[in-house]
Amino acid sequence: MDFKKIFFRILFFGILLGVLMFVVGKLFHLSQHALILALTIAYMIFIIIFLPYQYRKGKLLNNKMGDLMQKLYDGKTKEYIAGIKKLLNEMDNDYFKAILSINMAVGYTAEGEFEKAISYLENIDANKIDKRSHMVLYHNIACNAFWAGETKKACIIMEMHKELLEKGLEMAYSKNSFCETFALWYFAKGDRNSGFVYLEKILSDKYAKNMDREFAQLIWAKEKLADGEKKEAKTFLEKIFAETKMPYLKEESSRILQQLETERL
């Protein structure tokens, strides 16, 4: 919920209501006591109606997002994206629109459309979101840039927002996806030991979401291939191919396995 925007709406309404009641008081020659009482009652009625409405609106959006996230985890990425687009078309709140756009990009990431994900993310007005959402936004741009092969761009983002992004490593709901991006960053810098340490954090977390674990497995497999350790890489790739519901992960693991088979022949 955008509490800052709600606060300013309440403040604006209070000022508007005060001006209106002042005019009414002058017209009907109300006493100062009667005017203050009427203003207080009107303001309280507004808050009693407005706050529950905003709460219900936010809760309804959360419920819809919960249903859509389940579609994403089930690999129904196109349905997920279509659902987010529908919510975006219905939304008139800039903050919620920005959050929905961030979530939209996740769907394109799962489909392997990293450039499209970046495009959505870079079109978000950072002034419309809070500090925590900034963290998620910059992380998602960097992550997709790494996967898209835009390594220099991703590294610049990581350097610029390092302190902010490190906070994502401390949050239960985001730590594994942030570990993935930090792993990609350290591999890009040539610090392979740190890269594998971040991946191990994901793979050893029994509560890690399948999507986070499988992306970590794919990175691990690719880096092991770079080290010439084809047997270990193949084990990870076969596991991903057999278990993943994510379109990109299925396609990419299949592509690399076929390439390994061709090389063997």
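Axes are lines fitted to C-alpha atoms, for helices over the stretch in contact, and angles run from 0 to 180 degrees between N-to-C directions. Helices (H or I, at least four residues) and strands (E, at least two) are DSSP runs, numbered from the N terminus. The model is predicted, so that local features need pLDDT of at least 70 and side-chain atom pairs count only at pLDDT 80 or more, while totals for chains, interfaces and linings use all residues. Residues are numbered from 1 along each chain as its sequence is written, and side-chain values use heavy atoms, with hydrogens and water left out.

**Figure 1. Overall fold of the protein.** The secondary structure comprises 13 helices and zero strands, and along the sequence the pattern reads α-α-α-α-α-α-α-α-α-α-α-α-α. Of the 265 residues, 44% are buried, where buried means under 20% relative accessible area, exposed over 50%, and partly exposed in between (1.4 Å probe, protein chains only). Contact means heavy atoms within 4.5 Å. Among contacts between residues at least 6 apart in sequence, 57% join residues at least 24 apart.

**Figure 2. The largest nonpolar core.** A nonpolar core is a set of buried Ala, Val, Leu, Ile, Met, Phe, Trp, Tyr and Cys residues joined through side-chain atoms within 4.5 Å. The largest such core has 72 residues. Those with the most contacts inside this core are Met65, Tyr80, Ile84, Trp147, Phe182, Leu199 and Leu218. With neighbours within four places in sequence set aside, Leu199 is in contact with Ala183, Phe187, Ala216, Ile219 and Trp220.

**Figure 3. Packing of helices α10 and α11.** The axes of α10 (residues 192-203) and α11 come within 9 Å and cross at roughly 150°. Angles under 35 degrees count as roughly parallel, over 145 as roughly antiparallel, 65 to 115 as roughly perpendicular and the rest as oblique; α10 and α11 are therefore roughly antiparallel to each other. Their crossing is left-handed, a term for a near helix turned anticlockwise from the far one by less than a right angle, with right-handed used if clockwise. From α10, Arg192, Phe196, Leu199, Glu200, Ile202 and Leu203 meet Asp212, Arg213, Ala216, Gln217, Ile219, Trp220, Glu223, Lys224 and Ala226 of α11. The residues of this contact divide into eight nonpolar, one polar and six charged. In this division Ala, Val, Leu, Ile, Met, Phe, Trp, Tyr, Cys and Pro count as nonpolar, Asp, Glu, Lys and Arg as charged, and the others, Gly among them, as polar.

Figure 4. Glu223 is placed in helix α11 and is buried, with a relative accessible area of 16%. Not counting residues up to four places away in sequence, Glu223 touches Phe187, Arg192 and Phe196. Asp227 lies in the loop between α11 (210-226) and α12 (230-243) and is partly exposed, at a relative accessible area of 37%. With its neighbours within four places in sequence left aside, Asp227 is in contact with Arg192 and Phe196.

**Figure 5. Packing of helices α11 and α12.** These helices pack at an angle of about 155°, with their axes 8 Å apart, and are therefore roughly antiparallel to each other. The crossing of α11 and α12 is left-handed. On the α11 side the contact is made by Glu214, Gln217, Leu218, Trp220, Ala221, Lys224 and Leu225, and on the α12 side by Lys230, Glu232, Ala233, Phe236, Leu237, Lys239, Ile240 and Glu243. Eight of the contact residues are nonpolar, one is polar and six are charged.

**Figure 6. Packing of helices α6 and α9.** Helix α6 (residues 131-147) packs against helix α9 (residues 175-189) at an angle of about 50°, with their axes 10 Å apart. The two helices are therefore oblique to each other, and their crossing is left-handed. Met135, Val136, His139, Ala142, Cys143, Phe146 and Trp147 of α6 make the contact with Ser177, Phe178, Glu180, Thr181, Leu184, Trp185 and Ala188 of α9. The contact residues comprise ten nonpolar, three polar and one charged.

Figure 7. Leu68 belongs to helix α2 (residues 32-73) and counts as buried at 9% relative accessibility. Leu68 and Tyr80 are twelve residues apart in sequence and 5.4 Å apart in space, C-alpha to C-alpha. Beyond its neighbours within four places in sequence, Leu68 is in contact with Glu79, Tyr80, Gly83, Ile84 and Leu87. Thr109 is found in helix α4 (residues 94-110) and counts as buried at 9% relative accessibility. With neighbours within four places in sequence excluded, Thr109 is in contact with Phe114, Ala117, Asn144, Phe215 and Tyr248.
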